[in-house]
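Here are my notes from a pass through this one. Have it open in your viewer and follow along point by point.

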Amino acid sequence: MEITNVTEYDAIAKQKLPKMVYDYYASGAEDQWTLQQNRNAFSRILFRPRILIDVTKIDMTTTVLGFKISMPIMIAPTAMQKMAHPEGEYATARAASAAGTIMTLSSWATSSVEEVASTGPGIRFFQLYVYKDRNVVAQLVRRAERAGFKAIALTVDTPRLGRREADIKNRFTLPPFLTLKNFEGLDLGKMDKADDSGLASYVAGQIDRSLSWKDVKWLQTITKLPILVKGVLTAEDARLSIQAGAAGIIVSNHGARQLDYVVKAAQGRVPVFVDGGIRRGTDVFKALALGASGIFIGRPVVFSLAAEGEAGVRKVLQMLREEFELTMALSGCRSLKEITRDHILTDWDIPRPQPGARL
């Protein structure tokens, strides 16, 4: 079967992967409402295309934290990629580099920062969870710096892991032949089996629940790398992120409406990015029209990796690129700066009648 869009990799991955692994990648927390809303949020945004504009040349290039990339589509941190394919993060790193875009490596990768750096040139960010042992954190950040990583994406929305019921049912744990490579020498690379989810138990034992704004400041004392705060959902926290010295914000979950609010609060002082629910080039355009500087994709990467290895990840990036370019052309936009809020209409733009008002 010829793959013609990103979502088709999901079904192939489901066939190929063990149930525990597929469910870990695919499922969300509890009723999976947020997972559905991430997709639905984009479907509720309509286009306002402009016509009779010469779109012979379309320029999708942009810069992120000063680094030039070929398109505003980047790879989000997704954990334990060697569960999807033996080459795991190596394949993803090579595919991102070939596409001229950024890969973010998860703290919980099954390849270390040094191993990913060894795959060749590329712009890479490192996603960081803050462990209770701050020496572990400092050591990780220093290793990422030495390995040539260009930014830290600090995950701030996981003081505890969400209740992922599929992982509980499956007694999820990292397969015995794999380790969390960044922690291998620190006796933190293995995940014990548990009565529910092995990952939830690991997080409960290791991740610092006391994480606060002062820790964003602390992180700046141990690294010169720019820090992206990942997991911002409100305008209030966007403003606090900027006050704390964040170089950028990643809106993670509830893709659209919250993105709108966070962008307004940031007022252009730092770039705002979004991840979650993006499956089409049209979604990329909508995110940029709402004010995002770029987007990150996660699940399409691991599903395509499971299906076709590095070639699958390359194809996902290429398909999204082509769809995004087509959307720009059909909307009358020749460069990213021409994509504006005027090119879309959202359901929250339409005034609702007040309760008790006459219709």
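1. Helices here are DSSP runs of H or I of at least four residues and strands are E runs of at least two, both numbered from the N terminus.

2. Some housekeeping. This is a predicted model, so to speak of a local feature takes pLDDT of at least 70 and a side-chain atom pair counts only at pLDDT 80 or more, while totals for chains, interfaces and linings use all residues. Residues are numbered from 1 along each chain as its sequence is written, and side-chain values use heavy atoms, with hydrogens and water left out.

3. Back to H12, residues 281-289. Eight of its nine residues are buried, so the helix is largely enclosed by the rest of the structure. Buried means under 20% relative accessible area, exposed means over 50%, and partly exposed is in between (1.4 Å probe, protein chains only). Among the buried ones are Asp283 and Lys286, along with Val284, Phe285 and Leu288.

4. Next, S9 (residues 248-252), where five of five residues are buried. In a regular strand the side chains alternate between the two faces of the sheet. Here Gly248, Ile250 and Ser252 point one way, Ile249 and Val251 the other, and all are buried.

5. Which strands does S9 pair with (pairing takes at least two DSSP bridges between two strands)? S8 (residues 227-232) is parallel to S9, with four bridges, and S10 (residues 272-275) also runs parallel to S9, again with four bridges. Ile250 is the bridge partner of Lys230 and stands opposite Phe273 in S10.

6. Ser111 sits in the loop between S5 (103-105) and H5 (113-117). Its relative accessibility is 0%, so Ser111 counts as buried. Its side chain makes a 2.7 Å polar contact with that of Glu89; a polar contact is an N or O pair within 3.5 Å, where within protein one atom must be able to donate a hydrogen and the other to accept it, and residues adjacent in sequence count only if both atoms are side-chain atoms. Leaving out residues up to four places away in sequence, Ser111 touches several others (heavy atoms within 4.5 Å), including Lys82, Tyr90, Lys181 and Asn182.

7. Is Thr78 buried or exposed? Thr78 is buried, at 15% relative accessible area, in the loop between S4 (73-75) and H4 (88-98). Its side chain makes a polar contact with the Gln81 side chain at 2.8 Å. Beyond four places in sequence, Thr78 contacts Ser106, Gly298, Arg299 and Val302.

Notes:
Two strands pair if DSSP finds at least two bridges between them.
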